[in-house]
Amino acid sequence: MGCGKSHHEFSSGNCVCQVVRAINDLQQAVAAEECQPCTSCFNEPLGSLVSPTSTTVDTRVFVLKTADGTPFNAFFFENNNPTCVSIYFRVEDVFDNCCATLRVLAPGKTDAHGNFHPVNLVSTSGKGESGCCINLGAVCDVTAFQATNDCVTVDLNCFCAIQCIADVDLGICH
């Protein structure tokens, strides 16, 4: 039950679940077709969010939003990455009644040499206190993603919105 739906309102389905299923199908297909100029999560083929499509892609990066509009976040643990929270995901599997396994993607940016540099999305409150919230300003700095080995299993019925961010090649299918 997401976005204020009662346990009995299943007739209309869940659009977030439908979109994640569609993204999963696209990632599994990874077919070489012509790009379409639209920017929707339903765009086919995988890679059509990139303009122009010049590289192979294996992932449609997305953000899930909760009922109050805040991005859902998850922890990841990588030795070479000082940040440990992300709002970016790749669908790995959709199963049962709209449950999904999502791979947590490390947020970052690349320098002029193509090197990945992590972006810390956690806001700091100052005075040495640890942050508690996603720094929405830092989200604007994210232009690259890196696959982590951390996954989270979620109930897609608990989310109200999904926003597709980019089609990227994370080397998952190689």
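Strands E5 and E6 (residues 116–118) pair in the antiparallel sense over three bridges. Two strands count as paired if DSSP finds at least two bridges between them. Helices (H or I, at least four residues) and strands (E, at least two) are DSSP runs, numbered from the N terminus. This is a predicted model: local features need pLDDT of at least 70, side-chain atom pairs count only at pLDDT 80 or more, and totals for chains, interfaces and linings use all residues. Residues are numbered from 1 along each chain as its sequence is written, and side-chain values use heavy atoms, with hydrogens and water left out.

**The chain overall**

- The chain has two helices and eight strands.
- From the N terminus on, the order of elements is α-β-β-β-β-β-β-α-β-β.
- The chain holds 174 residues, and 40% of them count as buried. Buried means under 20% relative accessible area, exposed means over 50%, and partly exposed lies in between (1.4 Å probe, protein chains only).
- Take the contacts between residues at least 6 apart in sequence: 61% of them join residues at least 24 apart. Contact means heavy atoms within 4.5 Å.

**Strand E5 and its partners**

- Nine of the twelve residues of E5 are buried, so this strand is largely enclosed by the rest of the structure.
- Strand E4 (residues 88–95) runs antiparallel to E5, and seven bridges join the two. Val 91 stands opposite Leu 102 in E5.
- Strand E7 (residues 144–155) also pairs with E5 in the antiparallel sense, over nine bridges. Here Pro 107 has Phe 145 of E7 as its bridge partner.
- On the E6 side, Gly 108 has Pro 118 as its bridge partner.

**The two hairpins**

- E4 and E5 form a hairpin with three residues between them.
- Asp 96 lies in the loop between E4 and E5. Its phi is near 50°, a positive value in a residue other than glycine. Asp 96 counts as exposed because its relative accessibility is 66%.
- Cys 98 sits in that E4–E5 loop too. Cys 98 has a positive phi of about 70°, although it is not a glycine. With a relative accessible area of 9%, Cys 98 is buried.
- E5 and E6 form a hairpin with five residues between them. In that turn, Gly 114 has a positive phi of about 85°.

**Arg 103**

- Arg 103 is found in strand E5 (residues 99–110). Arg 103 is buried because its relative accessible area is 16%.
- The side chains of Arg 103 and Glu 92 are joined by a polar contact of 2.9 Å. A polar contact is a pair of N or O atoms within 3.5 Å; within protein, one must be able to donate a hydrogen and the other to accept it, and residues adjacent in sequence count only if both atoms are side-chain atoms.
- Leaving aside neighbours within four places in sequence, the contacts of Arg 103 include Tyr 88, Phe 89, Asp 150, Cys 151 and Ile 172.

- Asp 150 is found in strand E7. A polar atom of the Asp 150 side chain lies 2.8 Å from the backbone nitrogen of Phe 77.
- Asp 150 and Val 104 are 46 residues apart in sequence, yet 5.8 Å apart in space, C-alpha to C-alpha.
- Leaving aside neighbours within four places in sequence, Asp 150 is in contact with Phe 75, Phe 76, Phe 77, Glu 78, Leu 102, Arg 103 and Val 104.
- Cys 151 is partly exposed, with a relative accessible area of 43%.
- Cys 151 and Glu 92 are 59 residues apart along the chain, and their C-alpha atoms are separated by 8.6 Å.
- Leaving aside neighbours within four places in sequence, Cys 151 is in contact with Glu 92, Thr 101, Leu 102 and Arg 103.

**The largest pocket**

- The largest pocket has a volume of about 200 Å³. On a 1 Å grid over the protein atoms alone, a pocket is an open set of points where a 1.4 Å probe fits, with protein on both sides within 12 Å along at least five of seven lines. Grid points are joined across faces, edges and corners, and a volume is the space filled by probe spheres set on the points.
- The largest pocket is lined by 14 residues, of which Val 63, Pro 71, Ile 87, Leu 136 and Val 139 lie nearest its centre. Lining residues have an atom within 4 Å of a point.
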